[in-house]
Amino acid sequence: MPVSPAHRPSLIRSRAHWIAIALTIGAAACAANAAAASPSARSAVLFIGDGMGPAYVTLTRVARGGSAGRLRMDSLPYTALARTHSSDSPVTDSAAAASAMACGQKTANGVLCEDATVVYAKQDGRRLESIAVWAKKRGFLVGLVTTTRVTHATPAAFYATQRDRDDEADIARQAVASGFDFILGGGRRYFPDGLAAESRTKGWAIVESADELKAVRGLDRHILGLFASSHLPYQAEIEAARKKAADEPQHAQPGTAAGGQDAARTSPTLPEMTRWAIDILKRSGRPFFLMVEGGRIDHAGHANWARTLVDETAAFDEAVGYAIDHLDPRTALVLVTADHETGGLAMNGYPGEKDGIWSTYRDPEASEGDEAYPVVTFMTGPGTKRQTEKPPHGADDPHASGIPLGQAAHTGVDVTLYAWGAGADKVHGTVENTIVYSLLKTRLEAQR
């Protein structure tokens with residue numbers, strides 16, 4: 001029926017009213033979507049490059065980009081030198097160093113989250129609460145990511161108390177009891193059928209491959225990623241296995257690991273696990289704490305495998321880059337550091353840029369009898385003479401060490417602490433590694 005001129009103004013007003021309501025609803029929906037896409041909830045991410053002393057960072061930078069190259073870590077605006085000694089030695093192990101960062105107190109070598117009254121493997125000290133446990137009790141989402149066994153020293157320091165870091169069977173039980181939202185890494189051997197069944201009854205879902213992890217879209221259950229029997233394969237091994245799998249017919253790919261799968265083909269890389277972790281935590285819109293460990297950096301250093309060390313550090317750096325690209329510096333704090341240095345890595349001599357760091361150097365004015373030497377060397381370790389394992393890069397991987405040992409020793413040199421985001425400006429000078437705990441806690445206690 002046609003509308004009379006007398007009714008047109010009221011109709012126009014009515015339409016305008018409903019259009020205004022629709023626009024208001026639409027704006028609210030857009031705002032909600034924007035909030036979901038970029039949650040402002042406070043968060044903190046701690047990256048630990050196990051064994052990654054300053055020379056490791058330099059070597060990786062030069063190996064990947066030449067002398068003028070830059071890593072993502074180099075872009076973090078605040079730095080400090082962190083002292084790494086334990087309570088009973090000037091040279092720390094990973095358990096004591098990770099505990100210092102996780103709990104804010106020094107402890108003895110070999111000990112997880114007990115105070116300095118502990119006697120390693122003999123007598124308990126007072127139990128300490130890690131920043132991850134503290135956060136979980138207050139409703140934060142908490143996740144751990146590592147390339148080692150999830151029961152290894154560094155990740156264990158964020159959920160376990162144990163006077164002997166090697167009691168990984170007990171540490172595995174504490175992982176299940178932690179109630180964390182996810183723990184990703186290796187170490188399937190320490191979760192036998194009985195403990196795996198118990199973990200499922202406590203709300204854990206166990207995933208064992210990169211594909212299974214990708215399929216997890218939410219945190220309605222706790223996620224326990226056990227991607228290898230022991231440590232995850234090295235980055236180079238995963239890349240090589242994937243390339244081989246892509247080049248071969250499907251029926252020609254044998255299954256060798258538990259579950260009929262080869263861990264090098266099926267394991268996620270550190271950058272992949274980190275991307276998954278940050279994405280799923282951001283989508284929740286809730287405040288969170290995340291620890292990411294590049295654990296196999298240390299293992300390559302112990303073996304004097306310099307090229308593998310570079311691969312592992314570069315993968316770690318890629319993971320750091322994803323965090324600073326996808327988190328909000330107004331509400332998130334990102335810390336990047338090492339627990340200690342391994343092996344006394346050095347770059348020696350004066351090689352030309354075109355020769356590169358993988359060359360040898362001989363001083364043209366050297367004394368008679370002085371020989372050419374590798375630009376990249378270690379102070380301790382198996383070097384090229386006592387290697388018992390096949391390195392990922394073959395004969396080009398092992399580099400010489402001055403003191404032959406079955407595996408390289410840790411050193412007591414200071415490591416770098418990098419910081420980005422909310423509260424990062426507090427990182428400067430020379431500090432104890434225990435400051436990591438207070439920096440993280442200050443960020444997580446903040447209102448925004």
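Predicted model: local features only at pLDDT ≥ 70, side-chain atom pairs only at ≥ 80, totals over all residues.
Student: What share of the residues in the chain is buried?
Tutor: A residue is buried under 20% relative accessible area, exposed over 50%, and partly exposed in between (1.4 Å probe, protein chains only). Of the 448 residues in the chain, the buried share is 52%.

Student: How many helices and strands does the chain have?
Tutor: Both are DSSP runs numbered from the N terminus: helices are H or I with at least four residues, and strands are E with at least two. The count for the chain is 14 helices and 17 strands.

Student: What distance separates the end C-alpha atoms of helix 13?
Tutor: The expected span of a helix is 1.5 Å times one less than its number of residues. Helix 13 has 21 residues and should therefore span 30 Å. The distance between its end C-alpha atoms agrees with this, being 31 Å.

Student: Which helices do the buried residues of helix 9 pack against?
Tutor: Helix 9 covers residues 235–247, and its buried residues include I238, A241 and A245. These buried residues pack against helix 10 (263–266), helix 11 (270–284) and helix 13 (306–326).

Student: Is P329 buried or partly exposed?
Tutor: P329 is placed in the loop between helix 13 and strand 8 (332–337). Leaving aside neighbours within four places in sequence, P329 is in contact (heavy atoms within 4.5 Å) with W420, G421 and A422. Because its relative accessible area is 42%, P329 is partly exposed.

Student: Which backbone oxygen does the side chain of H222 reach?
Tutor: H222 belongs to strand 6 (residues 222–226). Beyond its neighbours within four places in sequence, H222 has contacts that include G179, F180 and D181. At 2.9 Å, its side chain reaches the backbone oxygen of F180.

Student: How is the pair of rings formed by F182 and W276 classed?
Tutor: Rings of Phe, Tyr and Trp (its six-membered ring) pair if their centres lie within 6.5 Å; planes under 30 degrees apart count as stacked, over 60 as edge-to-face and the rest as tilted. By this rule there are eight aromatic pairs. The rings of F182 and W276 have centres 5.1 Å apart and planes at 80°, so this pair is edge-to-face.

Student: Why does that pair tie together parts that are apart in sequence, and how many residues separate them?
Tutor: F182 is buried at a relative accessible area of 0%, and W276 also counts as buried, at 10%. F182 lies in strand 4 (residues 182–186) whereas W276 lies in helix 11, so the pair ties together parts whose separation in sequence is 94 residues.

Student: Which ring does the charged end of R296 sit over?
Tutor: A charge sits over a ring if NZ of Lys or CZ of Arg is within 6 Å of the ring centre and within 35 degrees of the ring normal. The charged end of R296 is 3.8 Å from the centre of the ring it sits over, that of Y234.

Terms used: Residues numbered from 1 in each chain as written. Heavy atoms only, no water. Polar contact = N/O pair within 3.5 Å; in protein donor to acceptor, adjacent residues only side chain to side chain.
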